Amino acid sequence: MSELLHPYPAGEADAILDATRAWLERAVIGLNLCPFAKSVVVKKQVRYALTAASDADQLLAELENEFAHLAATPPAELDTTLLIHPRAMSDFLDYHFFVAEADALLRRLDYEGVFQIASLHPHYEFAGCDPDDIANYTNRSPYPTLHLLRESSIDRAVAAFPDAEAIYERNIDTMQRLGHAGWRKLWTD
């Protein structure tokens, strides 16, 4: 399910949402970067919330609304939300510091242990990695995105997935085998 949180020019919202869905299908599910993603996509339990927020305060307000929406919706109907914010936090360093604010909001709203935020960004960079390191692409999305997950869903998925803590290392291995040329090919096929 998709929702525009603010109006966008004709066609722009569709292009953003289409790119995000393609990334989820080709990279996250297609490369099995998240072994838990396919089931929620198939069950249509993913909310694509596109915001026109252009600064940290607006984005925090949108994030608060999305937490409330997720909390008020049964998990069988809505399991996870992608809060896509192409107009805010396009600089990765700004985004990186913003994620700490987002986590603080989660705690202030008393959602710690209920929800978790995963950070995704087109310029994502792990600490100690070069900007071009292919490992960074495990968390690179087409647009800055806050992924809101239910802790209970994570717990169930981890219990069902053997050696869940090895996913991170497996993802880096996958990206290293794929390489930059393989990543580019993923988007041209």
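Okay, a definition before anything else: a crossing of two helices is right-handed if the near helix is turned clockwise from the far one by less than a right angle, and left-handed if the turn is anticlockwise. Keep that in mind for the helix pairs. And one caution: what you have up there is a predicted model.

So, helix pair number one. α1 passes α6 in a right-handed crossing. The two helices pack with their axes 10 Å apart, at an angle of about 130°. Angles over 145 degrees would count as roughly antiparallel and 65 to 115 as roughly perpendicular, so at about 130° α1 is oblique to α6. Which residues make the contact? On the α1 side they are Ala22, Trp23, Arg26 and Ala27, and on the α6 side Trp183, Leu186 and Trp187. Sort the residues of that contact by type and you get 6 nonpolar, no polar and 1 charged.

While we're on α6, which spans residues 167-188, have a look at Gln176, which sits in this helix. Gln176 has a relative accessible area of 48%, so it is partly exposed.

The crossing of α3 with α4 is right-handed. From α3, the contact uses Ala56, Leu59, Leu60, Leu63, Glu64 and Phe67, and from α4 it uses Phe98, Glu101, Ala102, Leu105 and Leu106. By type, that contact has 9 nonpolar residues, no polar ones and 2 charged.

Right, on to charges. Side chains of opposite charge can pair when their charged atoms come close. How many salt bridges does the structure hold? There are 3.

Let me start with Arg47 and Glu66, whose side chains meet at 2.7 Å, N to O. Arg47 is in strand β2, residues 46-50, and Glu66 is in helix α3, so this pair links distant parts of the chain, 19 residues apart. Are they buried or exposed? Both Arg47 and Glu66 are buried.

Next, Glu12 and Arg87 form a salt bridge at 3.5 Å, N to O. Glu12 lies in α1, residues 12-29, and Arg87 in the loop between β3 and α4, so the pair ties together parts that are 75 residues apart in sequence. Glu12 has a relative accessible area of 32%, so it's partly exposed, and Arg87, at 37%, counts as partly exposed too.

The remaining one to show you is Arg21 with Asp18, at 3.6 Å, N to O. Both of those residues lie in helix α1, 3 residues apart, which is about one turn of the helix. Arg21 is partly exposed, with 26% relative accessible area, and Asp18 is partly exposed with 47%.

One more residue before I sit down: Thr73. You'll find Thr73 in the loop between α3 and β3. Why does Thr73 count as buried? Buried means under 20% relative accessible area, and Thr73 comes in at 10%, so it qualifies. Leaving aside residues up to four places away in sequence, Thr73 touches Leu78 and Arg150.

Terms used:
Residues are numbered from 1 along each chain as its sequence is written. This is a predicted model: local features need pLDDT of at least 70, side-chain atom pairs count only at pLDDT 80 or more; totals for chains, interfaces and linings use all residues. Side-chain values use heavy atoms; hydrogens and water are left out. Helices (H or I, at least four residues) and strands (E, at least two) are DSSP runs, numbered from the N terminus. Contact means heavy atoms within 4.5 Å. Ala, Val, Leu, Ile, Met, Phe, Trp, Tyr, Cys and Pro count as nonpolar, Asp, Glu, Lys and Arg as charged, and the others, Gly among them, as polar. A salt bridge is a side-chain nitrogen of Lys or Arg within 4 Å of a carboxyl oxygen of Asp or Glu. Buried means under 20% relative accessible area, exposed over 50%, partly exposed in between (1.4 Å probe, protein chains only). Axes are lines fitted to C-alpha atoms, for helices over the stretch in contact, and angles run from 0 to 180 degrees between N-to-C directions. Angles under 35 degrees count as roughly parallel, over 145 as roughly antiparallel, 65 to 115 as roughly perpendicular and the rest as oblique.
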